[in-house]
Amino acid sequence: MTQSYTTDPTDGDAEPILSTDDLTKKFGTLTAVDGVSLEIPADRITSIIGPNGAGKTTLFNLFTGKYEPTEGRIALRGDRIDGKEPHHLVERGLVRSFQINNFFADLTARENVRLATQAPYTGFRPRDFLAHHRDLDVATESANRILERVHLSNVADETASNLSYGQRRHLEIGISLAADPDLFLMDEPTAGMSPEETRETVELVEEIASDITLILIEHDMHIVMDISDQIVVMNEGMVLARGTPDQIRNDERVQRAYLGSE
Amino acid sequence: MKSVMNLAADLKTAIGIGETTGPIGEQVLSSQGRLAALVVAGVLAVFAPVAQAFEPFWLNILTRMLVFALLALSLDFVFGYAGLLSFGHAAMFGAGGYAAALAIREVTTNALVVLPASMLVGVAVAAFIGWFSVRAKGIYFAMLTLAFAQMFYVIVFTDLPATVLDVETITGGDDGLFGIPLYEAIGIDFTSRLLYFYLTLVLVLVSFAVLVRVANSPFGRTMQGIRENEERMQFIGYDVQRYKLLAFSISGGFAGLAGGLYVPFQSVAQPGLLHWTISGELVVMLLLGGMGTLWGPMLGGALVIYLEERLAGFATWEIILGSVFVVVVIFAPRGLAGTLISIKNDPRNTITHVKQALRNYVEKVRG
């Protein structure tokens with residue numbers, strides 16, 4: 001394989017929460033992800049960076065079950081998860097947020113989150129069909145806690161499409177948090193934000209990272225260098241380098257391929 | 001694939017039709033609405049004997065209107081409320097009807113046995129069609145349901161079960177099954193047309209209450225979420241395909257019940273019940289009535305049957321129905337239900353709304 005490692009970034013202490021082995025995804029003749037073998041350490045922030053088309057979002061889509069890999073394996077805490085459907089992975093504590101807001105625009109912020117907190121408490125028993133959804137108090141209470149956490153309590157009854165851009169991005173994160181994950185994949189949480197909104201979001205991301213393993217796709221290099229424990233640099237579907245922010249900053253290949261161009 | 005779906009969506013927005021008046025994030029049917037439903041049922045109950053005394057034919061029309069209201073309701077539960085564009089509901093309607101015909105002929109005329117059997121057959125047919133179709137989205141789902149429904153039509157029309165089992169006849173082929181009697185007993189004798197009307201009225205009301213209840217349940221909420229954003233529901237942790245299959249099967253049960261009520265009343269089960277034109281007519285009923293409200297399509301169903309009956313004398317009745325449809329599309333894009341809601345919420349601005357609708361039509365559709 002052509003990929004190379006700068007160093008072993010797992011520091012040898014924590015067992016990886018997510019690992020991939022020779023992960024490959026082809027779309028026709030295009031190889032979007034090409035033989036990626038990675039380990040994501042638990043309780044850390046890992047950022048995936050790389051130029052557009054490097055395969056970052058495809059990697060997310062593979063991790064979260066949206067795509068099936070063409071080749072290779074993905075394991076969550078040692079159990080293989082490739083080929084599993086998204087809802088199975090959510091049950092196992094793996095969630096994602098989306099680069100483009102992907103919620104229920106016509107519902108209120110609270111109802112958006114409530115739909116998500118309701119999921120673990122509903123199934124196909126008679127009461128799930130015949131009880132009133134508002135009587136599911138656990139879901140509402142849990143939704144209120146999440147809104148508090150993503151700083152949206154004051155706009156809980158606003159329709160999602162009426163929220164400001166920054167608030168909508170926070171709602172996007174809140175919906176994913178509702179599943180009570182231990183691994184959270186965030187696709188560009190600060191994209192398109194004003195400096196003020198970005199600062200608030202970075203604070204939120206760090207708060208979330210205090211008890212959840214995070215994998216971020218992020219373009220803002222200052223944020224990446226600032227908050228990441230591990231950085232994975234991708235280029236043309238392959239892992240170009242992997243290491244701590246300092247190691248990545250000083251890596252020549254990375255500078256040539258990516259950082260140098262900025 | 002995406003582009004076809006976008007096209008369908010654009011088309012829907014362009015002509016403004018198919019906009020759901022679905023109460024997003026709110027209670028389906030307010031307490032006022034419930035009261036109104038009971039009042040309508042009460043008026044029908046009182047009106048029926050009067051109508052029968054005056055002109056017995058009216059009772060036939062009323063019963064047919066009720067049956068199609070139920071059928072439109074069952075379709076709206078998946079089509080308008082859950083966003084599954086079924087163009088094959090005639091299959092469940094017809095299957096329920098044939099199940100009733102065969103059960104009455106061969107087993108019993110007891111409604112307590114036959115009607116649940118019709119529902120179960122409706123559920124089974126819907127589960128079969130749904131199992132093959134729910135992974136497809138939008139227009140593809142519509143085409144699959146249409147194709148499967150036509151397959152069932154052909155099975156009934158050619159009496160395929162009889163060929164397979166090597167007996168003389170089961171479905172009666174293109175003639176259908178004749179001389180199906182009315183239900184006889186659940187303690188009451190329903191061979192009286194008036195009592196049959198009451199049986200239908202009660203079952204339609206109960207079905208409506210049950211489906212409204214389900215629409216407001218956590219399951220109903222989940223279906224609404226799937227209608228709005230299927231992908232996100234998956235990533236929230238819902239087994240979307242299973243939910244869709246269940247919603248489709250539940251709907252199929254009520255379509256089957258409608259068939260079970262219709263066939264003994266008409267005393268005949270014929271392949272036309274499963275024909276795609278019935279599915280198509282149902283979609284018209286939904287659009288006229290106002291998709292996603294559950295009660296709107298019931299009005300739409302009743303209205304279409306009424307017009308059909310009253311205008312059938314004119315050779316051009318389909319033109320009249322078509323004209324009504326066009327007028328509704330232009331002036332009341334959210335159907336009868338949408339119009340009634342906006343008049344109720346804002347009675348003074350009714351004229352403004354009509355003008356706005358006309359302006360939308362001129363600007364958006366005519367360019």
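Two strands count as paired when DSSP finds at least two bridges between them. By that criterion, six strands of chain A in this predicted model form an open sheet of mixed pairing, in the order 6-7-8-3-9-10. Strand 6 (94-96) and strand 10 (238-243) of chain A are the edge strands, each pairing on one side only. On average, neighbouring strands of this sheet are turned by 20° against each other, direction ignored.

Strand 6 of chain A runs parallel to strand 7 (residues 183-187) of chain A, and three bridges join the two. A:Val95 has A:Phe184, in strand 7 of chain A, as its bridge partner. Helix 1 of chain A packs on this sheet and touches strand 3 (45-49), strand 6, strand 7, strand 8 (213-217) and strand 9 (230-235) of chain A. The direction of helix 1 makes about 150° with that of strand 7 of chain A.

Chain A also contains an open sheet of four strands, in the order 2-1-4-5, with antiparallel pairing. Strand 2 (30-41) and strand 5 (79-80) of chain A stand at its edges; each has a single partner strand, so one side of each is left without a neighbour in the sheet. Strand 1 (residues 16-27) of chain A pairs with strand 2 of chain A in the antiparallel sense over eight bridges. Within this pairing, A:Leu23 has A:Val36 of strand 2 as its bridge partner, and A:Lys25 stands opposite A:Val33 of strand 2. The hairpin formed by strand 1 and strand 2 of chain A has two residues between the strands, and A:Gly28 takes a positive phi near 60° there.

Helix 1 (residues 56-63) of chain A also lies across strand 1, strand 2 and strand 4 (71-76) of chain A. With strand 2 of chain A, helix 1 makes an angle of about 65°.

At the level of domains, chain A is divided into domain 1 (1-93 + 181-262) and domain 2 (103-180). The centres of these two domains of chain A, taken over C-alpha atoms, are separated by 27 Å. Ten residues of domain 1 of chain A are in contact with nine residues of domain 2 of chain A. On the domain 1 side, the largest share comes from helix 7 (residues 195-209) of chain A, which supplies four residues. That side of domain 1 of chain A comprises six nonpolar, two polar and two charged residues.

The next boundary is that between the chains. Here 29 residues of chain A are in contact with 22 residues of chain B. Helix 2 (86-91), strand 6, helix 3 (109-118) and helix 4 (126-130) of chain A each supply at least two residues of the chain A side. The side of chain A that touches chain B has 16 nonpolar, eight polar and five charged residues.

Chain B is divided into domain 1 (21-312) and domain 2 (315-367), and the C-alpha centres of these domains of chain B lie 27 Å apart. In the contact between them, 17 residues of domain 1 of chain B meet twelve residues of domain 2 of chain B. Helix 12 and helix 13 (295-311) of chain B each supply at least two residues of the domain 1 side. Helix 13 of chain B gives the most, with eight residues. By class, the domain 1 side in chain B has ten nonpolar, six polar and one charged residues.

Helix 12 of chain B also takes part in a helix crossing. The axes of helix 4 (residues 89-106) and helix 12 (residues 276-289) of chain B come within 7 Å and cross at roughly 115°, and the crossing is right-handed. Helix 4 of chain B contributes B:His89, B:Ala90 and B:Phe93 to the contact, while helix 12 of chain B contributes B:Trp276, B:Ile278, B:Ser279 and B:Leu282. The residues of this contact divide into five nonpolar, two polar and no charged.

Finally, an unreviewed UniProt entry annotates several spans of chain B as "transmembrane region", among them residues 66-91 and 283-307. Residues 66-91 of chain B are 73% helix and 0% strand, with end C-alpha atoms 19 Å apart. For residues 283-307 of chain B, the span is 80% helix and 0% strand, and the end C-alpha atoms lie 16 Å apart.

Methods:
Residues are numbered from 1 along each chain as its sequence is written. Chains are lettered from A and ligands numbered from 1 in the order in which they are written. This is a predicted model: local features need pLDDT of at least 70, side-chain atom pairs count only at pLDDT 80 or more; totals for chains, interfaces and linings use all residues. Domain bounds come from an automatic or database domain assignment. Two residues are in contact if their C-beta atoms, placed from the backbone, lie within 7 Å. Ala, Val, Leu, Ile, Met, Phe, Trp, Tyr, Cys and Pro count as nonpolar, Asp, Glu, Lys and Arg as charged, and the others, Gly among them, as polar. Axes are lines fitted to C-alpha atoms, for helices over the stretch in contact, and angles run from 0 to 180 degrees between N-to-C directions. A crossing is left-handed if the near helix is turned anticlockwise from the far one by less than a right angle, and right-handed if clockwise. UniProt positions are given in the numbering used here, feature names are shortened, and annotations may be inferred rather than shown by experiment.
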